[in-house]
Structures are given as structure tokens and as C-alpha cells.
Amino acid sequence: MSIQVKTKDSVYEVYLGENILKSFCSRETDKLSKYDQLVIITDEHVWSLHEEYVRRNFTLPFKLYIVPNGESCKTFESYYQVQSFLLDENCSRNSALLALGGGAVGDLTGFVAATFMRGIPFYQIPTTILAHDSAVGGKTAINHPNGKNMIGAFYQPKEVIYDFHFLKTLPEGEIRSGLAEVIKHSLISDAKWMDEFLNLPNLLAIENKQLLHWIEKGIRVKAHIVELDEKEQSYRKFLNFGHTYGHAIEASVGYGQVTHGEAVMIGMIPALMLSELHGNVEKGYARRVYDLANRLGYNFTHVLHCSFESLSKFMQKDKKSMNGELHFALLQEIGHPFMQKVSVEEIKRCDNQLRQWVKEENK
């Protein structure tokens with residue numbers, strides 16, 4: 001199965017399926033063989049789990065560079081080290097990179113590809129559920145201590161190979177992290193789809209076939225929005241639902257201390273509270289989603305470890321903020337997002353409400 005992504009300057013396919021890495025190499029042999037070097041960039045954890053599968057199924061010669069796990073790879077130091085490796089290995093404008101890993105590896109690899117010799121091709125081979133979102137759409141970046149994804153570029157991959165084989169080894173925490181972005185896609189696109197999540201009793205109730213179907217739907221939502229707005233001038237901002245507060249949680253707690261998906265789930269609760277205030281989302285919907293998130297095992301105690309002052313500082317540095325004003329992706333109704341200017345006082349009231357719920361939940 002494949003989903004096409006069209007932007008102003010590029011058209012590429014997202015391939016989905018079980019054990020499709022080998023077929024990718026067979027299908028693209030002529031194209032891949034024209035590159036003077038292929039470099040796989042992955043992290044220690046992914047390579048320890050999947051080295052045998054990759055070496056058996058990736059049938060073309062490649063060089064390998066291993067970066068630290070998770071968000072710790074999205075630093076100036078890692079970025080510099082990968083660039084140095086490519087130069088040391090005599091890579092050229094005719095080389096290509098392959099990002100094998102989760103969202104962090106994909107973000108780093110894409111930014112390296114966008115800037116090495118002013119831009120070389122790269123391919124996304126996502127290994128997590130979360131990466132169903134990050135691998136599609138061409139956002140690439142590294143972090144800065146003052147904010148997440150602050151240094152980056154829009155740079156589309158040549159292709160995305162979403163081999164479901166890699167998902168088999170995901171621990172429960174990574175499934176939970178990835179599911180948050182899937183739930184986000186349902187909230188901004190389809191109320192009936194969101195109802196499927198609201199009826200879940202727990203994480204274990206999700207069948208594998210159902211999960212893969214939801215991932216496909218999420219990719220289609222992402223692809224459609226990217227086609228409408230590649231550079232985040234309008235519609236693409238809707239994909240940041242939950243991210244303004246969520247990114248502030250990540251930065252305040254410390255990158256890698258909370259998964260990106262968990263932070264997004266936390267961030268969606270204040271966003272839903274604000275949607276009840278500024279949109280027509282029914283009163284109490286934020287609480288229903290909060291209760292769902294608790295049933296699925298998301299950890300909201302991170303909120304209690306951050307002062308609102310710290311969160312506010314990071315939110316005001318958010319890329320969507322303009323002229324000192326906070327711009328939030330909200331919902332007019334479930335499935336119908338819009339952008340809204342929000343005051344710090346409004347966010348603080350939502351933050352206080354969330355803290356109260358968390359304290360009550362953890363008595």
C-alpha cells in the first residue's frame with residue numbers, strides 16, 4: 001500500500017506494509033545504485049534490535065553512523081558529528097542518507113541532509129508509531145536549550161518506507177507515545193474516529209490490525225494537510241494541536257525525560273479546555289479526553305514538576321508565537337481546527353485546572 005504526498009516542489013510515496021524493506025531495495029535498485037554512497041543513520045537501541053533484519057533485507061552496500069538514543073541525538077554536537085562523518089567518508093552531493101529510527105533520528109537525519117553540501121537526498125525508514133507523523137511532511141530540526149526544534153528546515157524525503165516489522169519490538173511506552181499523535185490526527189479531522197478512542201477501556205484493548213488501520217488514517221490526514229500547506233503558513237499549523245503546551249513540558253522537564261507523544265497528550269488537554277472556551281466543543285470534553293488518557297496510562301504528573309512560569313517562558317518562545325502573542329491550534333468542533341490568539345492568563349487558568357485534576361487523580 002502507498003500514500004502519495006504532493007507538495008509544490010516534490011512528490012513522493014509513503015509505502016506501508018509488513019516486511020517491505022527488501023522490496024524497497026528491489027524496486028529502487030537502479031535509483032539507489034546511482035548514489036556514490038548510501039549512509040544509514042540510526043540510534044544504538046534500534047540498531048541493537050534490528051541490525052540482523054536490516055543487513056538481511058537491505059541488499060545494497062551502505063555505511064553506518066550510530067547516534068545517541070532519543071532526543072539526545074538532536075543536539076548541535078550530534079549534528080556536527082554526523083556532518084564530520086560524512087566529510088571523513090568522502091560523501092558528496094551524489095550521496096544519500098537513510099534515517100532508520102524514530103522521530104528524533106528522522107529529524108536529525110533530515111536536517112543533516114538539508115544542509116550537507118546545501119542539500120542531498122534522504123529517505124525515511126521509521127521504526128516507531130510516533131514517526132508515522134514525523135516521517136511525513138519534511139519537517140527537520142535539532143533542539144536548542146531554549147526550545148524544541150528551533151533550528152531546522154523544511155526538506156522533503158525522497159520516499160518513506162514504513163515497514164510494520166519494526167513495530168513488533170516497541171515497548172508499551174513507545175506505543176503509548178505514538179498513539180498520542182494518532183489521537184491528535186483524529187481530533188483535528190474526524191469526530192466519529194475520535195469516538196473510537198473514547199470507547200477504549202485501556203491500551204491492551206487495541207488490536208494490532210486496528211492500530212495499523214489508525215496509523216494509515218493518521219498518515220492520510222498528515223499528507224493531506226502537508227499538500228495544502230507545506231511551509232506551515234496556514235493549515236499545517238493545525239497539526240500542532242497540543243504541541244504548544246506539550247513542547248513547553250518537554251523543554252521544562254528536560255528533553256528525553258518525557259516522551260514527545262506523552263507531552264503532546266498532556267498538551268492536548270489545555271488545548272481542549274481552550275477549545276471549549278473559544279470554540280463550540282462541548283463543555284466537559286477536555287475532561288473526557290483526560291480520563292481516556294489516564295485509562296491508557298499517560299503520566300500527567302510531569303505537569304506538577306514544572307512551574308507555570310517555566311512553561312510560560314517556553315510557550316512564548318514557541319515558533320507559532322508572534323509579536324509576543326500566543327497562537328494556539330484549537331478546535332471549533334471535533335474535527336474542525338482553527339488558530340486562536342490566547343492570553344497567558346487564559347493558559348494559566350487551564351494549567352491550574354489540569355494541575356487540580358492531576359492532584360486529585362494522585363491522592
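**Local packing and backbone features of the predicted model**

Leu21 is buried, with a relative accessibility of 1% (buried, under 20% relative accessible area; exposed, over 50%; partly exposed, in between; 1.4 Å probe, protein chains only). The model is a predicted one, in which local features need pLDDT of at least 70 and side-chain atom pairs count only at pLDDT 80 or more, while totals for chains, interfaces and linings use all residues. Residues are numbered from 1 along each chain as its sequence is written, and side-chain values use heavy atoms, with hydrogens and water left out.

Leu21 belongs to helix H1 (residues 21–27); helices (H or I, at least four residues) and strands (E, at least two) are DSSP runs numbered from the N terminus. Apart from residues up to four places away in sequence, Leu21 touches Tyr53, Val54, Asn57, Phe58, Ile125, Asp163 and Phe166, contact meaning heavy atoms within 4.5 Å. Leu21 and Phe58 are 37 residues apart along the chain, and their C-alpha atoms are separated by 6.5 Å.

Strand S1 (residues 2–6) and strand S2 (residues 11–17) pair in the antiparallel sense over 5 bridges, pairing requiring at least two bridges found by DSSP. The two strands are joined by a hairpin through 4 residues. Gln4 has Glu13 of S2 as its bridge partner. In a regular strand, side chains alternate between the two faces of the sheet. In S1, Ile3 and Val5 form the covered face, whereas Ser2, Gln4 and Lys6 form the uncovered one.

Helix H7 (residues 172–187) and helix H11 (residues 260–278) cross at roughly 35°, and their axes come within 6 Å. Axes are lines fitted to C-alpha atoms, for helices over the stretch in contact, and angles run from 0 to 180 degrees between N-to-C directions. The crossing of H7 and H11 is left-handed (near helix turned anticlockwise from the far one by less than a right angle; right-handed if clockwise). H7 contributes Ser177, Ala180, Glu181, Ile183, Lys184 and Leu187 to the contact, and H11 contributes His260, Gly261, Glu262, Val264, Met265, Met268 and Leu272. By class, this contact has 7 nonpolar, 3 polar and 3 charged residues, where Ala, Val, Leu, Ile, Met, Phe, Trp, Tyr, Cys and Pro count as nonpolar, Asp, Glu, Lys and Arg as charged, and the others, Gly among them, as polar.

Helix H10 (residues 243–253) packs with H13 at an angle of about 115°, the axes being 8 Å apart. This crossing is right-handed. The contact is made by Thr244, Tyr245, Ala248, Ile249, Ala251 and Ser252 of H10 and by Ser310, Leu311, Phe314 and Met315 of H13. The classes are 7 nonpolar, 3 polar and no charged residues. Ser310, in helix H13 (residues 308–315), is buried at a relative accessible area of 17%. Its side chain makes a polar contact with that of Ser252 (2.6 Å); a polar contact is a pair of N or O atoms within 3.5 Å, where within protein one must be able to donate a hydrogen and the other to accept it, and residues adjacent in sequence count only if both atoms are side-chain atoms.

In strand S8 (residues 147–154), Lys148 is buried at 5% relative accessibility. The side chain of Lys148 makes a polar contact with the side chain of Glu250 (3.2 Å). Asn149 also lies in strand S8 and is buried, with a relative accessible area of 18%. Asn149 is not a glycine but has a positive phi of about 60°.

Arg118, likewise not a glycine, has a positive phi of about 70°. Arg118 is located in the loop between helix H5 (103–115) and strand S6 (122–126) and is exposed, with a relative accessible area of 74%.
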